[in-house]
Structure formats: C-alpha cells, structure tokens
Amino acid sequence: MNIADLRKSYEKAELNESASQADPMKQFEQWLNEAISSEVPEPNAMTLATVGSDLRPSTRIVLIKGFDERGIVWYTNYASRKGQELAGNPFAALQFHWVELERVVRIQGIVEKVSDEESDEYFHSRPLDSRIGAWASPQSQVIEGRGVLVANAAKFGAQFMLRPPRPPHWGGYRLKPDTWEFWQGRKSRLHDRLRYSQQNGGAGWLRERLAP
C-alpha cells in the first residue's frame with residue numbers, strides 16, 4: 001500500500017462560533033469530558049513540545065493531571081530533558097488528539113512549577129510503585145541497561161518501604177495558556193478551526209475562525 005493513498009473523511013461533528021464556549025477553558029473541559037465519556041484510549045494523554053537552548057524543538061507524551069482557570073498541570077522529573085529545556089525557555093505547547101472524535105486541541109503559553117504543596121499532595125496519591133519509580137529513574141540520562149532501573153527500584157524500595165517522600169527533583173508544572181486552538185475534522189478537508197487569543201492582559205479572549 002502507498003502511504004500517500006491513506007485517506008479518511010471526517011464527518012462526525014462540527015464546531016461553530018454560536019455553539020462553542022466563549023471561555024476556551026470551558027470549551028476544553030467540555031471536549032475532555034466528552035472524550036472521557038466516549039471511552040477513547042487515554043483521553044488524558046497530551047503531547048508536550050519544548051525548545052532547547054540549541055533552538056531545536058522536542059516532543060513527548062505526558063498525562064494531564066489537573067486543570068482550572070490557572071492552567072494545565074502535569075508532573076515529571078525536573079532534571080529530565082523537558083525539565084532542563086523549560087528551565088531555559090519556559091514557553092511550551094500542548095496538543096490533545098482524540099482520533100475517534102476527530103478532534104484536536106492545541107494550547108500555547110508560559111510554564112511555571114506548581115507549589116511544593118501541590119506536588120506533595122499529588123505525589124502521595126500515586127501508587128507505591130510509581131512513587132518508588134520517581135526515585136529509581138534518572139530520567140533522560142544514559143544508563144547501561146534495564147538492570148539499573150530494577151536495582152534502583154529495589155534499593156529505594158528497601159530504603160523507604162511504604163513511605164517514600166517526594167524526590168526533590170520531581171514535581172509539577174502548570175502551563176498558563178495565552179492561545180488555544182480547537183480543531184474539528186469536517187468533510188472535504190474543510191475543517192473547523194477556532195482560535196482563542198488572550199486579550200487585554202488576560203481580561204478576555206478573542207475568538208477567531210481560521211481557514212483549514
């Protein structure tokens with residue numbers, strides 16, 4: 001099969017100005033809830049894009065762990081590649097792709113660390129294996145083999161038993177959106193795209209339709 005011949009007609013829904021929310025966070029909440037209720041695979045998975053000091057972008061999949069009027073939250077190792085890149089350039093982008101619903105949400109903004117209290121609360125809600133894993137994995141570093149991770153997990157498991165504390169190198173980030181885009185696939189490639197841009201220092205949102 002020629003990969004260039006792979007095509008799909010998008011015909012499941014539409015997105016228009018009159019039926020969409022004036023607040024992009026509310027529109028996002030609506031679409032996320034619909035993705036969850038539709039039981040799409042991993043509706044909480046999102047692509048995170050950062051840019052390093054060499055100006056080369058990099059992407060990876062992370063999981064949203066919370067959102068409110070302040071922004072979108074996820075947790076990770078601060079010493080990882082994404083953590084180092086965010087330390088040097090705090091601007092980033094997120095993307096949700098709910099294939100089965102023919103929908104994409106793109107979000108851009110500035111990133112900050114969440115408070116220690118928020119990171120502690122989430123860390124202690126995680127399964128024990130995940131808490132030990134946060135200690136065991138020197139994320140993004142070169143290791144000799146999987147045995148390093150297994151040995152580290154055994155070491156920290158024995159050290160902390162059932163009460164591992166949150167590692168100082170692990171915690172949350174919050175992206176504070178200044179631009180949103182909601183994409184709904186439509187027939188004949190005439191897709192719906194609504195962009196929300198922050199106006200007046202965060203006092204409101206400008207909603208515009210973009211050509212597909």
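A residue counts as buried when its relative accessible area is under 20%. By that criterion R131, I132, A134, W135 and A136 of helix α4 are buried. The model described here is predicted. The chain holds 5 helices and 9 strands, and of its 212 residues 39% count as buried.

**Overall architecture**

- From the N terminus on, the order of elements is α-β-β-β-β-α-β-β-α-α-α-β-β-β.
- The C-alpha trace spans about 60 × 50 × 40 Å along its principal axes.
- Of the contacts between residues at least 6 apart in sequence, 64% join residues at least 24 apart.

**Helix α4 and its packing against α5**

- Helix α4 comprises residues 128-136 and helix α5 residues 146-160; their axes come within 8 Å and cross at roughly 115°.
- The crossing in which α4 passes α5 is right-handed.
- On the α4 side the contact is made by I132, W135 and A136, and on the α5 side by L149, N152, A153, F156, G157 and F160.
- Sorted by class, this contact of α4 with α5 has 7 nonpolar residues, 2 polar residues and no charged residues.
- I132, W135 and A136, which take part in the contact with α5, are also among the buried residues of α4.
- The cover over the buried residues of α4 includes α3 and β7 as well as α5.

**Aromatic pairs**

- The chain has 17 aromatic pairs in total.
- A pair of aromatic rings is described by the distance of the centres and the angle of the planes.
- For Y10 and W183 the ring centres are 5.6 Å apart and the planes stand at 85°, so this pair is edge-to-face.
- Y10 belongs to the segment before α1 (24-37) and W183 to strand β7 (residues 170-184), so that the pair links distant parts of the chain, 173 residues apart.
- Y10 and W183 are both buried.
- For Y75 and Y122 the ring centres are 4.3 Å apart and the planes are at 20°; the pair is stacked because planes under 30 degrees apart count as such.
- Because Y75 lies in strand β4 (residues 71-77) and Y122 in helix α3 (residues 116-123), the pair ties together parts that are 47 residues apart in sequence.
- Y75 is buried, with a relative accessible area of 16%.
- Y122 has a relative accessibility of 19% and therefore counts as buried, given that the limit is under 20%.

**Aromatic cluster and a charge over a ring**

- One aromatic cluster is formed by F28, W31, F67, F96, W98, W180, F182 and Y196.
- The face of Y78 has K113 lying over it, at 3.9 Å from the ring centre.

**S197 in strand β8**

- S197 is placed in strand β8, which comprises residues 192-199.
- With 16% relative accessibility, S197 counts as buried.
- Leaving aside residues up to four places away in sequence, S197 touches D178, G204, W205, L206 and E208.

How values were computed: Residues are numbered from 1 along each chain as its sequence is written. This is a predicted model: local features need pLDDT of at least 70, side-chain atom pairs count only at pLDDT 80 or more; totals for chains, interfaces and linings use all residues. Side-chain values use heavy atoms; hydrogens and water are left out. Axes are lines fitted to C-alpha atoms, for helices over the stretch in contact, and angles run from 0 to 180 degrees between N-to-C directions. Helices (H or I, at least four residues) and strands (E, at least two) are DSSP runs, numbered from the N terminus. A crossing is left-handed if the near helix is turned anticlockwise from the far one by less than a right angle, and right-handed if clockwise. Contact means heavy atoms within 4.5 Å. Ala, Val, Leu, Ile, Met, Phe, Trp, Tyr, Cys and Pro count as nonpolar, Asp, Glu, Lys and Arg as charged, and the others, Gly among them, as polar. Rings of Phe, Tyr and Trp (its six-membered ring) pair if their centres lie within 6.5 Å; planes under 30 degrees apart count as stacked, over 60 as edge-to-face and the rest as tilted. Buried means under 20% relative accessible area, exposed over 50%, partly exposed in between (1.4 Å probe, protein chains only). A charge sits over a ring if NZ of Lys or CZ of Arg is within 6 Å of the ring centre and within 35 degrees of the ring normal.
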